[in-house]
Amino acid sequence: MHNIIKNKSEYQNAIDELVLKAAISSLLEIEGNKLIEENNRLKNDPRFQLSPEIDKKIKQAIRRSESRYKFKKFRKVAGGIVSKVAVVFLAIFVGLTSTMAVSADFRKIIYNLILSYDERYTQVERSTEYKEFVDSDVYTWEHIFAPTMLPHGYKLTSVDDNGTIFAVLYENAENLYIEFTQHSSNGKFRADTENAQKILTTFVGDSEALVVEKDGVIIITWQVGDFLLYIISNDQTDTVLNFAESIKLMR
Amino acid sequence: MVLSIILAIENEDDRNLMLYLYSEFYGIFKSKAYGIIKDYMMAEDIVQDAVIKMMDRMPKMRGLTKPQAVSYACRTVNSVAIDYYRKHIRGTTKEVLSVSGNDEFTDTSQSPPEIYERLEEYEKLGEALLQLSERDKDLIYNKYFLGLSDREIGLLLEMEHTNVRVSLNRARNRAKNILTKMSGDNNA
């Protein structure tokens with residue numbers, strides 16, 4: 001066959017190479033599937049497992065990343081909150097919003113948010129009683145918002161402070177999490193509500209908030225003064241709303 | 001330590017892929033490393049080294065399916081483990097090197113290359129190549145699937161890069177022969 005191939009045209013050689021590449025790709029897939037099955041069998045063998053500590057750290061990192069991804073998607077399509085003089089304004093970019101074209105409910109909500117803008121967003125009460133806050137020593141920014149109530153069983157598991165975004169992750173033993181993030185709103189805020197199971201507005205304190213529930217994750221976002229606040233969680237809506245309600249300005 | 005390195009990956013998609021592979025398939029990675037090194041602690045280090053090595057090849061791994069990525073990652077673990085064996089354990093056992101090798105494959109060419117056209121089923125093509133030695137598969141994967149240069153393959157497989165081309169040609173011919181033979185059997 002060696003000689004036959006050598007004497008064949010370039011065209012035939014090219015076909016040979018393509019077939020070989022297809023076979024290699026298929027082989028990698030077949031072997032990979034076998035390895036995945038083998039990996040599943042090893043999941044009960046402690047000799048081949050990550051230490052619980054490392055495993056937890058990785059899961060946290062993945063979860064955090066997924067939350068950010070969901071939030072990015074959440075920000076993707078709909079309106080804009082522009083924070084100037086503590087005014088919330090949701091701008092709709094019809095040209096970019098395929099979701100808007102198919103989601104009358106969401107359109108209505110956005111219109112309501114735009115029309116209901118008033119001065120209440122500037123009326124923020126500051127609390128100086130730090131002891132009423134959860135993990136008050138963690139929240140070190142000037143004019144920072146912090147929760148005053150944490151749902152039962154939750155514990156602080158990570159804090160991410162990069163100078164512009166302050167994110168705190170709380171988790172419980174049932175793998176439920178609540179991530180609370182705050183940052184200065186700079187520019188447009190966009191929400192991806194495509195195929196969302198629930199879209200509604202509610203009040204968090206004096207601010208009107210957008211609540212989107214999608215794929216088992218609830219996202220609540222609202223604005224207070226110059227701060228854009230949002231919560232991402234896989235817990236029950238009521239629990240997350242109660243947590244959101246508890247958030248107050250502490251400095 | 002490896003976790004810190006993964007978390008430092010700038011590209012979020014790459015970081016997530018590595019986190020996913022490392023956490024979800026750590027078991028099979030360690031098992032493969034242990035199969036060669038026979039030391040649990042060392043196998044753990046091998047996996048970490050392999051992950052760091054994979055990070056250099058993230059752009060090429062992005063297009064892989066999950067099974068392909070797992071397969072590729074396991075191959076990387078194997079090569080790191082074998083490399084470690086060569087440098088630190090060589091002489092204590094012979095079985096390890098049987099993972100690679102088998103360069104003396106018999107040429108079974110019988111049928112004309114046109115019969116490739118009759119091999120339409122993707123899976124059958126892959127199954128046919130299961131007959132190749134691990135060494136041949138490593139060479140072919142790295143060259144044809146990941147598009148590595150001879151020098152890169154040499155570094156990965158601990159070969160002189162000048163020998164890579166010859167070994168690769170042999171491996172490719174063996175692969176083609178297997179495909180041809182398989183097709184001939186199917187047509188018999």
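Visitor: How many residues does helix 4 of chain B have, and what span is expected for that helix at 1.5 Å a residue?
Guide: In this predicted model, helix 4 of chain B covers residues 40-55, which is 16 residues. Its first and last C-alpha atoms lie 23 Å apart. That is close to the expected 22 Å.

Visitor: Which residue caps the N-terminal end of helix 4 of chain B?
Guide: Look at the backbone nitrogen of Met41(B). A side-chain oxygen lies 2.9 Å from that nitrogen. The oxygen belongs to the capping residue, Asp39(B).

Visitor: Which residues of helix 4 of chain B are buried?
Guide: Residues three or four places apart in an α-helix point the same way, because there are 3.6 residues a turn. In helix 4 of chain B, the buried set includes Ala43(B), Ile46(B), Val47(B) and Gln48(B).

Visitor: Is Ala50(B) buried or exposed?
Guide: Ala50(B) sits in helix 4 of chain B. Its relative accessible area is 0%. Buried means under 20%, so Ala50(B) counts as buried.

Visitor: Which residues is Ala50(B) in contact with, leaving aside neighbours within four places in sequence?
Guide: Thr76(B) is 26 residues from Ala50(B) in sequence. In space, their C-alpha atoms are 5.9 Å apart. With sequence neighbours left aside, the contacts of Ala50(B) are Thr76(B), Val77(B) and Val80(B).

Visitor: How much area do chain A and chain B bury between them?
Guide: The interface brings 43 residues of chain A into contact with 54 residues of chain B. Carbon and sulfur atoms account for 68% of the buried area. The total is about 4,500 Å².

Visitor: How many salt bridges does the rule find across the interface of chain A and chain B?
Guide: Glu24(B) pairs with Lys43(A) in a salt bridge. Their closest N and O atoms are 3.2 Å apart. Across the interface of chain A and chain B, the count of salt bridges is four.

Visitor: Which helix of chain A supplies the largest share of the side that touches chain B?
Guide: Helix 1 (2-7), helix 2 (10-42) and helix 3 (52-74) of chain A each give at least two residues to that side. The largest share is 25 residues. It comes from helix 2 of chain A.

Visitor: What percentage of the residues of chain A count as buried?
Guide: Chain A has six helices and nine strands. Its length is 251 residues.

Definitions and conventions: Residues numbered from 1 in each chain as written. Chains lettered and ligands numbered in written order. Predicted model: local features only at pLDDT ≥ 70, side-chain atom pairs only at ≥ 80, totals over all residues. Heavy atoms only, no water. Contact = heavy atoms within 4.5 Å. Buried area = accessible area lost by both parts, 1.4 Å probe. Salt bridge = Lys/Arg side-chain N within 4 Å of Asp/Glu carboxyl O. Helix = DSSP H or I, 4+ residues; strand = E, 2+ residues; numbered from the N terminus. Expected span 1.5 Å × (residues − 1). Buried < 20%, exposed > 50% of the residue type's maximum accessible area, 1.4 Å probe, protein only. Polar contact = N/O pair within 3.5 Å; in protein donor to acceptor, adjacent residues only side chain to side chain.
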